[in-house]
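The following note is meant to be read alongside the sequence and the three-dimensional view. Please keep both at hand while going through the numbered points.

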Amino acid sequence: MNAPSAIAKLNVLVRSVTYLAKDIFSFEFVDPTGQALPGFTAGSHIDVHLPGGLIRQYSLCNDQDETHRYVVAVLREPNGRGGSMAMIEAVRPGTTVTISTPRSNFKLAPGAKRHVFLAGGIGITPIMSMIAAVQAQKQDFHLYYCSRSAERTAFLDVLNPLIAKGLATVHHDGGDPAKSLDLKSVLREQQPGSHLYYCGPNGMLNAAEAASEHWAEGTRHCERFSAGSAAALVPNESDRPFEITLAKTGKNFTVPADRSIVQVLKANGIIVDTSCEEGYCGTCMTRYLDGEPLHRDSVLDEEDREEFMMVCCSRAKSARITLDL
Ligand code: FES
């Protein structure tokens, strides 16, 4: 039995697959009947349900004003966890795939006077939609985009005019960390009202975080494609067992200290969609109705946490927690 998820799903038609750069492809999804798709804000991502039961998150890289399509870009990673290979090998134009509606943990700050974007490799994808939004709103911005080489740099056709106007800087390091962009000097000064948005490999994100430590609180916004430092939170030796109640069936289960809620549910034939299982993708978001969660995700904000929890990694502070399943 598949448990109902707090995340809505829809079926979309793959309208096109396009080669963007070496090992990078974009996928364009449209409604099969030509209807408008649910709206999204720049920086949002969707879950894509892939053949073989994999679920992966991809940021939307198109303009938030487009309602007729979603576009994602995928890096071919032969040594990855299988998602990108399944996407590139199995998702073909004319086929239908199930996706989630867009959701966002990475948003443009409404009051920002200037936006500084920092992208590493495929981390450019959410930033492309943000750039389209700030350009439409005639806001001040600058993009720093790091990649290995020109042939591995997606969206250069769109970015070249920005480079020519001095609004974007592309930096190639040839894969040598010693030739990385000097983030300390790029981020040394925070202009008044400026916000920083960064997305890319963990090494770059950690370096950006350290180099911008002195930026004002609430002005740094990060999108991670892996758990990064959050991974250290799960599991924890001090974890204790607790009880869960499923509100829709009244079933009760014990979650032992060394198992997660999703593992216990799965062992009892109840499948909750998961992807990262480390609390950063949001796929397993589940509403709770009673009890006090011990949140261990890196996705939900305080307001969301009053209603939802990530059942792949979060536990309960209370002896029992009731889930809306
Ligand atoms: S599966 Fe990714 S947050 Fe739970």
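**Note on salt bridges, domains and a buried helix**

1. Asp23 is buried, at a relative accessible area of 18%; buried means under 20% relative accessible area, exposed means over 50%, and partly exposed lies in between (1.4 Å probe, protein chains only). This is a predicted model, in which local features need pLDDT of at least 70 and side-chain atom pairs count only at pLDDT 80 or more, whereas totals for chains, interfaces and linings use all residues. Residues are numbered from 1 along each chain as its sequence is written, and side-chain values use heavy atoms, with hydrogens and water left out.

2. Asp23 forms a salt bridge with Arg76, the closest N and O atoms being 3.8 Å apart; a salt bridge is a side-chain nitrogen of Lys or Arg within 4 Å of a carboxyl oxygen of Asp or Glu. The two residues come from distant parts of the chain, 53 residues apart: Arg76 is in the loop between S5 and helix H1 (83–90), and Asp23 is in the loop between S1 and strand S2 (24–30). Helices (H or I, at least four residues) and strands (E, at least two) are DSSP runs, numbered from the N terminus. Arg76 is partly exposed, with a relative accessible area of 31%.

3. Asp23 also forms a salt bridge with Arg152, where the closest N and O atoms are 3.3 Å apart. Between domain 1 and domain 2 the count is 1 salt bridge. The domain assignment gives domain 1 (9–100), domain 2 (114–225) and domain 3 (233–323), with bounds that come from an automatic or database domain assignment.

4. How much area do domain 1 and domain 2 bury between them? The value is about 1400 Å², 62% of it on carbon and sulfur atoms; buried area is the accessible area (1.4 Å probe) that two parts lose on being put together, summed over both. Lys22, Ser59 and Cys61 supply 33% of the area that domain 1 buries against domain 2, more than any other three residues. Contact, meaning heavy atoms within 4.5 Å, involves 17 residues of domain 1 and 16 residues of domain 2. The centres of these two domains, taken over C-alpha atoms, are separated by 23 Å.

5. A search of the whole structure finds 17 salt bridges. One of them joins Asp239 and Arg315, with the closest N and O atoms 3.9 Å apart. Asp239 lies in the loop between strand S11 (220–224) and strand S12 (242–246) and Arg315 in strand S17 (residues 315–316), so this pair ties together parts that are 76 residues apart in sequence. Asp239 counts as buried at 9% relative accessibility, and Arg315 counts as buried at 5%.

6. Lys248 forms a salt bridge with Asp324, the closest N and O atoms being 3.6 Å apart. Lys248 is exposed, with a relative accessible area of 52%. Salt bridges that share partners also join Arg15, Glu28, Glu66 and Arg69 into one network.

7. Helix H2 (residues 124–136) has 13 residues and reaches 18 Å from its first C-alpha to its last, close to the 18 Å expected at 1.5 Å a residue; the expected span is 1.5 Å times one less than the number of residues. Why is H2 described as largely enclosed by the rest of the structure? The reason is that 11 of the 13 residues of H2 are buried, including Ile124, Met128 and Val134. Among the elements that cover these buried residues are strand S4 (55–59), strand S8 (140–147) and helix H3 (156–164). H2 is followed by Lys138, whose phi is positive, near 55°.
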